[in-house]
Amino acid sequence: MNQTLDRRRLLATAALGGVVGATGLGSLAPEAAFAAEPATIEPGAPDPNFAEGRISRISGSMLLVTGSDTVLHSIRITDGTSIWKLHPTTFDKVTVGDGLYARGVRLPDGTLAADSVWLNIVNLHGHIAAVGRNVLHLDHQGRRIVAHVVPDRSAAVYNGTPAVSDLSLLRVGRHVQVLGAWHPDTNEIDIATVYAAA
Amino acid sequence: MIDVIAAVQPLVVGVVLIWSARVKLASPHAAAAANRSALVRLLGQHRALPAYRLLGGVELTLGALLLLPPVLRAEALAATGLAVAFLGYLAYARRAAPTSSCGCLSARATPVSGRSLARAGLLAVAGGLALLATGGWPTAVAGHPVAGGAVLVVELAAVVALSPELDQVWLLPLRRLRARLTHPLRGGSGVPLLATVQQLQLSDAYRRVAPLLRSDVREHWDEGDWRFVGHAARYQGRLVTAVFAVPLADREPDRVRVAVVDDATGQTLLNLTGARPASGPRLSIAPV
């Protein structure tokens, strides 16, 4: 806990005007240093640096994932991996059975060293069929999806304006797009962002 | 009593059939409705629309015969047969083409559901009851206006309640009213992380540092008027953290700052503050 606080204090100080100590690194002009790496993926070929599927086993920092095309992936979570599960979270929240999208770097042994992992992320369109206390019932291609509003997490974007926490402008019968986190093996999701017209 | 109920059935079934025929024959969206239905799967793309129209013609004829005197047992039999056939078709559609639309009482795309099946079942039962009728519905209704009217209203209400196509007309307004009275979604407060990320991505600092970033948002925390957002990044071969400071309350992407901090040593490698004025001429547009 203290370590996190110290680290955050250090980072905050750096962002708000800390002293740049690395003048011996050559040019610090970002444009000079930030030349993009060339793309190495064949057009039309599957992206080797991406994996999706459901977690079948967790061993240490390795996730064993069964892809929806039954391909098996080994995904390594590193100190630098971002983990999203409705919001940025930590490795201990990863559980067997979670769906997953991962992006990273494919290592020579075939494992994917993940830069970013998104757990149970869904992106769906639907109509609001009914509204309850902190819950939306969505009609999604004839199926019912129960979308839970998570206080202090769920956000709404109305007409493409900046996101707000107030979801009260959502109306029954209207079309919405929802980004959220699926509850595995159910028709329920938690809402991360709902996009709607108001 | 059973006489009154039986005598009213031709009226109920006739009204529903004519309503259904109206969609198939007169709706400008009939072709689209036919294409969405399971008829495409059953008969093929080219025969779906003619079959849909033909079905509408049969429904109209039968509906008119049921409504107009004389009351013949054969009409009730035909109506029952049609309802049972429709029940079979819906069951087939639900199994063979679950994404198809019913195309029943409205051209609106409505998947076949348990309610559609229950409605077809209700019509089949109504047709069966009509077989028991001894007289025409006008005399029955004239003889027992209250009972006849009540049976009619209850049955038509049941048909409407079992029609997902008609939810738009009565169910959604009711749910809207309930939401307006109870405000079930009120209470959200605070600045969502997405608002910060949106502001961050509009900033000059982000645009300059973006090629370094390797990860999505790894952590974020608030301190005073700022929200800090950390990404894993790589800078000149080192593993680093790019930490952005974003104004929490105000939307000022120009004030977003970023530092790139070495993970191993804690040294700040780079620090960019705010926006630089754009070079070259600038067009200023004032909102009118």
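**Entry 1: where the chains meet.** I began with the contact between the two chains, which takes 53 residues from chain B and 50 residues from chain A; two residues are in contact if their C-beta atoms, placed from the backbone, lie within 7 Å. This is a predicted model, where local features need pLDDT of at least 70, side-chain atom pairs count only at pLDDT 80 or more, and totals for chains, interfaces and linings use all residues. Residues are numbered from 1 along each chain as its sequence is written, while chains are lettered from A and ligands numbered from 1 in the order in which they are written.

**Entry 2: chain B's side.** I found that β1(B) gives the largest share of the side touching chain A, nine residues. Helices (H or I, at least four residues) and strands (E, at least two) are DSSP runs, numbered from the N terminus. By class, I read 25 nonpolar, 17 polar and 11 charged residues on this side of chain B. Here Ala, Val, Leu, Ile, Met, Phe, Trp, Tyr, Cys and Pro count as nonpolar, Asp, Glu, Lys and Arg as charged, and the others, Gly among them, as polar.

**Entry 3: chain A's elements.** Next I looked up the secondary structure of chain A and found two helices and 12 strands.

**Entry 4: chain A's domains.** I then saw that chain A is divided into domain 1 (50-119) and domain 2 (121-196), with bounds from an automatic or database domain assignment. Their contact takes 10 residues from domain 1 and eight residues from domain 2 of chain A. On the domain 1 side, β5 (99-106) and β6 (112-119) of chain A each supply at least two residues.
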